[in-house]
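Subject: Handover of a structure and the findings from it

Dear colleague,

Please find below the structure that I am handing over to you. The findings follow directly after it.

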Amino acid sequence: MDDHGRGPDPRPEGGPGALPEPPAESVPRPLPYEGVWRFTASAVDASVPQARHAVRDLLYRQGVPLSDDLTQGLLLIVSELVTNAVRHAALLSPELAVEVAVGAEWVRVAVEDDHPYRPTALEADHGRTGGRGLLLVREIAREAGGVCDVEHTTGGGKVIWAALPLKPVRTR
């Protein structure tokens with residue numbers, strides 16, 4: 001079929017309504033390590049080291065530029081969040097999800113479960129063992145210059161996440 005010189009696009013090149021192409025250098029390209037990965041696990045004790053190792057291996061495989069301290073802090077956060085989901089949500093949420101999102105400047109880990117209870121980081125009784133996991137997560141995130149939060153999901157559960165900067169925070 002002859003297109004009478006119009007080409008495959010219904011508008012002639014450079015004619016009215018044609019959008020200029022942005023220069024190639026102005027279009028941000030994702031870095032090789034950027035992306036979002038999600039996996040599920042059973043809410044059982046064995047999932048804690050499995051999740052930690054899966055996240056560690058993923059970050060290594062993707063070549064995410066993390067310092068050793070930041071990697072250790074991030075893996076401790078994963079361990080704490082998965083442990084909390086196993087200990088406190090397993091009855092109503094036999095499966096949990098772990099998500100790792102890496103951008104140009106941040107890495108974010110999140111653990112989601114179907115239990116509706118939203119924990120708060122309250123001061124724990126110093127005589128008790130345990131009960132300080134979320135406080136530890138908040139402190140690790142804060143010291144790294146990051147943030148963490150707890151949010152409700154549309155399905156009635158919750159997701160607890162922490163985002164840490166990839167570059168060290170400068171203090172004055």
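In helix α3, which covers residues 133-143, the buried residues are G133, L134, V137, I140 and A141. Here buried means under 20% relative accessible area, exposed means over 50%, and partly exposed lies in between, with a 1.4 Å probe and protein chains only. Viewed along the axis of α3, these buried residues fall within an arc of 125 degrees, so they line one face of the helix; the arc is that of the directions from the helix axis to the C-beta atoms. The face of α3 turned away from the buried side carries R142 and E143, which are exposed. The buried residues of α3 pack against α2, β4 and β5 (158-165), where contact means heavy atoms within 4.5 Å. After α3 comes G145, with a positive phi near 85 degrees.

Please note that this is a predicted model, in which local features need pLDDT of at least 70 and side-chain atom pairs count only at pLDDT 80 or more, while totals for chains, interfaces and linings use all residues. Residues are numbered from 1 along each chain as its sequence is written, and side-chain values use heavy atoms, with hydrogens and water left out.

Overall composition

The protein has 3 helices and 5 strands. Both kinds of element are DSSP runs, numbered from the N terminus: helices are H or I with at least four residues, and strands are E with at least two. Their order from the N terminus on is β-α-α-β-β-α-β-β. The protein comprises 172 residues, of which 36% count as buried. Of the contacts between residues at least 6 apart in sequence, 66% join residues at least 24 apart.

Helix α1

How far apart are the end C-alpha atoms of helix α1? They are 22 Å apart, which agrees with the 22 Å that its 16 residues (47-62) should span at 1.5 Å a residue. The expected span is 1.5 Å times one less than the number of residues in the helix.

The buried residues of α1 are S47, V48, A51, V55, L58 and L59. Seen down the axis of α1, the buried residues fall within an arc of 110 degrees, so they line one face of this helix. On the other side of α1, Q50, Y60 and R61 are exposed. G63 follows α1 and has a positive phi, near 75 degrees.

The contact of α1 with α2

Two packed helices are described by the angle between their axes and by the distance between the axes. For α1 and α2, the axes come within 9 Å and cross at roughly 150 degrees. Axes are lines fitted to C-alpha atoms, for helices over the stretch in contact, and angles run from 0 to 180 degrees between N-to-C directions. From α1, the contact involves S47, V48, A51, R52, V55, R56 and L59, and from α2 it involves L74, L75, V78, S79, V82, T83 and V86. By class, this contact has 9 nonpolar, 3 polar and 2 charged residues. Ala, Val, Leu, Ile, Met, Phe, Trp, Tyr, Cys and Pro count as nonpolar, Asp, Glu, Lys and Arg as charged, and the others, Gly among them, as polar.

R56 lies in helix α1 and counts as partly exposed, at 38% relative accessibility. R56 and V78 are 22 residues apart in sequence, and their C-alpha atoms are 9.8 Å apart in space.

Individual residues

L66 is placed in the loop between α1 and α2. Its relative accessible area is 16%, so L66 is buried. Residues up to four places away in sequence aside, L66 touches L59, T71, L74, V107 and L166. L66 and P165 are 99 residues apart along the chain, with their C-alpha atoms separated by 9.2 Å.

W37 belongs to strand β1 and is partly exposed, at 23% relative accessibility. Not counting residues up to four places away in sequence, W37 touches L58, Q62, V98, E99, V100 and V102. The C-alpha atoms of W37 and L58 are separated by 8.6 Å.

D149 is in strand β4 (residues 147-152) and is partly exposed, with a relative accessibility of 27%. Beyond its neighbours within four places in sequence, D149 is in contact with R118, V159, I160 and W161.
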